[in-house]
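Subject: Structure handover

Hello,

Here is the structure I said I would pass on. Please open it first; my notes follow below.

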Amino acid sequence: MLIPVVSVATFAAVAPPAGADPDTGVPPMPVARAYQGPTPLDSPREVTRACALVGCRFDVDKEDNREYLTAVSSVGNAVINCTNSDILIDRTLALETSSTDNVGGEISGSTTAEGTIGTTGQITFDATKEVSTDSTKDQTSDQSHSQWGAQKNEGPTTEDVTKTGTKDSNHVGTKDTAKTGTMNNVVLGAKAAFQLAFKATFSHGWTAKQTETTRHQMTVKSGDIVVFGVQNAMVRVQGVLSADKKKMNVKDVTVDSPSTVNSSLLNAQSFTMPNKCLTLRPKGRAAHAGPVGAEPAEVAGLYEIAAPPPWVKPTSTVVVPALSRKVTTR
């Protein structure tokens, strides 16, 4: 059974660490505070606009970064086994996770100003590679004077020799850099500055959006209802965005984005409710089970139903391991 793609563009705010939500342990995003010198500004947008014009840098606060899992959110319908035997179900989950920030989408959104590149001799092709070329031409000239004596076989006593020439040398190389500011005439916007600082801090690239496709198998016992839920693997990064030429900065910039280190989880909650089957027969929609890629086959006695109400406590909650996982980033 294929569970539809779940789009997770925002994350529920949770309590601060002092009274942290047990599901995530992550505080809500703080309010980003913008300044020009010591003077507060009305909006971080004033700083991000300056970034697009004069360039900016992002300084990561390493103490406030964390990997975490979001609270469980239900996905798809529940299934109930109305047979006298256990049934093995095979499901594929496509989970789409996006980034958010507290500066109006200037880092995570598609409308972010990326910056500009001027006509200089130094060009950056991405956040971490610097390409340089050097060309030199050397002119050489050697002069000497030789004079031959009466005995030629004894060699010259003096000789006039003039040698001229040119030597061209070209050097093309690449250099990985962890700079987080403006480089020559290359102006880094808010997003580019964040990407560069993220790479320099964590030694891998930042992902704004990704889709995890995972395959899972689980046995549903006779008379049981199973409800599936997901927990997104996320990373939170905080820091300060600065446009130094304008003496402007934004403090407490916070970005939540898909984790490139940990995997999201599929959870299964089981409820033992055998009497529920009596209300489904003879009607009810048969669920599908079977290997991924095969034609769906109806399994007699396995039905899709609405999940039990929140006040009904599950008899068990387990993490369903992924048999396979594919990640697509963009």
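Is Asp-59 buried, partly exposed or exposed? Asp-59 is partly exposed, with a relative accessible area of 33%; buried here means under 20% relative accessible area, exposed means over 50%, and partly exposed lies in between (1.4 Å probe, protein chains only).

Some ground rules before the rest. This is a predicted model, in which local features need pLDDT of at least 70 and side-chain atom pairs count only at pLDDT 80 or more, while totals for chains, interfaces and linings use all residues. Residues are numbered from 1 along each chain as its sequence is written, and side-chain values use heavy atoms, with hydrogens and water left out.

Salt bridges

A salt bridge is counted when a side-chain nitrogen of Lys or Arg lies within 4 Å of a carboxyl oxygen of Asp or Glu. The structure holds seven of these. In one of them Asp-59 pairs with Arg-57, the closest N and O atoms being 2.2 Å apart. Arg-57 is partly exposed, with a relative accessible area of 26%. Arg-57 and Asp-59 are also linked with Asp-244 in a network of salt bridges.

Another salt bridge joins the side chains of Asp-252 and Arg-33 (2.8 Å, N to O). Asp-252 lies in strand β18 and Arg-33 in strand β2 (residues 33-36), so this pair ties together parts that are 219 residues apart in sequence. Helices (H or I, at least four residues) and strands (E, at least two) are DSSP runs, numbered from the N terminus. Asp-252 counts as partly exposed at 29% relative accessibility, and Arg-33 does so at 36%.

Arg-236 and Asp-256 also meet in a salt bridge through their side chains (2.8 Å, N to O). Arg-236 lies in strand β17 and Asp-256 in strand β18, so the pair ties together parts that are 20 residues apart in sequence. Both Arg-236 and Asp-256 are buried.

Strand pairing around β2

Two strands pair if DSSP finds at least two bridges between them. β2 and β18 run antiparallel and are joined by four bridges; Gln-36 has Met-248 in β18 as its bridge partner. β2 also runs antiparallel to strand β3 (residues 39-40), with two bridges, and Tyr-35 stands opposite Pro-40 in β3. β2 and β3 form a hairpin with two residues between them, and Gly-37 in the turn has a positive phi of about 65 degrees.

Nonpolar cores

A nonpolar core is a set of buried Ala, Val, Leu, Ile, Met, Phe, Trp, Tyr and Cys residues joined through side-chain atoms within 4.5 Å. The largest has 30 residues, and those with the most contacts inside it include Val-47, Phe-58 and Phe-194. At least two residues of this core come from each of α1 (45-54), β4 (57-60), α2 (190-202), β17 (233-243) and β18 (248-258). α2 gives the most, with seven residues. A second, separate core of 15 residues includes Val-75, Ile-87, Val-226 and Leu-302.

Among the buried residues of α1 are Val-47, Ala-50 and Cys-51. After α1 comes Gly-55, whose phi is positive, near 90 degrees.

Disulfide

With a disulfide taken as a pair of cysteine sulfur atoms within 2.5 Å, the count comes to one. Cys-82 and Cys-277 form it, their sulfur atoms 2.1 Å apart. The pair links distant parts of the chain, 195 residues apart: Cys-82 is in the loop between β7 (78-81) and β8 (87-98), and Cys-277 is in the loop between β19 (265-272) and β20 (285-289). The torsion about the S-S bond is about -95 degrees, so the disulfide is left-handed. Cys-82 and Cys-277 are both buried.

Regards
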